Amino acid sequence: MGTIAQQRRRSAWLFLLPVLLTIAAVAGWPLARTIWFSLTDARLDDMAATSFIGLENYLFLARDPEWWVAVRNTLVFAGVSVTLETLLGIIIALVLNARMRGRGVLRAAMLIPWAIPTVVSAQMWGWMLHDQYGVINEMLLSIGLIAEPRAWTANYSTALAAVIAVDVWKTTPFMALLTLAALQLLPNELYEAAEIDGLGPVGQFFRITLPLIWPALMVAIIFRTLDALRVFDLMYVLTGNSRATASMSVYARQQLVDFQDVGYGSAAATGLFLVIAVVTALFITFGRVRLGAEPGR
């Protein structure tokens, strides 16, 4: 019969089996097919004439400077945007966690940028950042920060920063919401004891709040990083195929659709998958996120 713990594990696997089979059908099969195409010379205009070429696409990808530009753009975008969103999200969550009048209205208003579809918000910011009739240029000109209008998303030196700023505006509420949920689970007795011991607000944050919300915060950071690494719609709507902001997803789409090179585009998509897998493993390892750990261990 086995122990109770073994029976629970068997029951858990039995309940998870339909979900695992669904994931294998929805995600596993397309991934396997993409990997297969990456080992061929398949083209979108003639899929019937496909032959196996091994790792040639990956060897060419490793020597392609445009691919490494896309990798750099993606890593910079993910690193800077997730860092800013995490810091701002923690600050906003701490403010909204405090007892004050109108807190419910502020919480609802905070979610508006996150609720707007990415394509809509990207198009909206594209108009706002326009060099001729954008409100951003008008505001900066009126206060004297710039001398002439700038094409923020068309300029190579400012395009990536503009995309990061739009992403931070849109996704900070996500980080704030998850952080706020973690904060509301903390017991007030800890802070009352800290005040009795003479620990100030800064000390309470670093010695009580941050350690207790760290697991939830790391899960939020991992999910947000995965989303940032596969960014496509925001960059494509704002800047198209611009080399200054092209992410790995934009690069893979360009090879697959514009150049109709299914084999090479699939290799780029597989490369994106590998980068995401490596980054996730690093976060779980160094962020001390324990997946599946039993309580009390």
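**Exercise 1. Find the contact at the start of α3 in this predicted model.**

Solution. Begin at D64 and look at its side-chain oxygen. Next, find the backbone nitrogen of E66. The two atoms come to within 3.1 Å of each other.

**Exercise 2. What span does α3 reach, and what span is expected at 1.5 Å a residue?**

Solution. Take α3 as residues 65–97, a helix of 33 residues. From its first C-alpha to its last, α3 reaches 47 Å. The expected value is 48 Å, and the span of α3 is close to that.

**Exercise 3. Describe the largest pocket and its lining.**

Solution. Start with the volume, which is about 500 Å³. Then turn to the lining: it has 16 residues, and N97, A98, L183, N188 and Y191 lie nearest the centre of the pocket. Finally, sort the lining by class, giving seven nonpolar, five polar and four charged residues.

**Exercise 4. Which helix gives the most residues to the lining of the second largest pocket?**

Solution. This pocket has a volume of about 330 Å³. It is lined by 19 residues, with T118, D167, T171, R224 and D227 closest to its centre. Two or more residues come from each of α6 (118–128), α8 (159–183), α10 and α11 (233–239). Of these, α8 gives the most, with five residues. To finish, the classes are nine nonpolar, four polar and six charged.

Key:
Residues are numbered from 1 along each chain as its sequence is written. This is a predicted model: local features need pLDDT of at least 70, side-chain atom pairs count only at pLDDT 80 or more; totals for chains, interfaces and linings use all residues. Side-chain values use heavy atoms; hydrogens and water are left out. On a 1 Å grid over the protein atoms alone, a cavity is a set of points where a 1.4 Å probe fits but cannot get out, and a pocket is an open set with protein on both sides within 12 Å along at least five of seven lines; lining residues have an atom within 4 Å of a point. Grid points are joined across faces, edges and corners, and a volume is the space filled by probe spheres set on the points. Helices (H or I, at least four residues) and strands (E, at least two) are DSSP runs, numbered from the N terminus. Ala, Val, Leu, Ile, Met, Phe, Trp, Tyr, Cys and Pro count as nonpolar, Asp, Glu, Lys and Arg as charged, and the others, Gly among them, as polar. The expected span of a helix is 1.5 Å times one less than its number of residues. A polar contact is a pair of N or O atoms within 3.5 Å; within protein, one must be able to donate a hydrogen and the other to accept it, and residues adjacent in sequence count only if both atoms are side-chain atoms.
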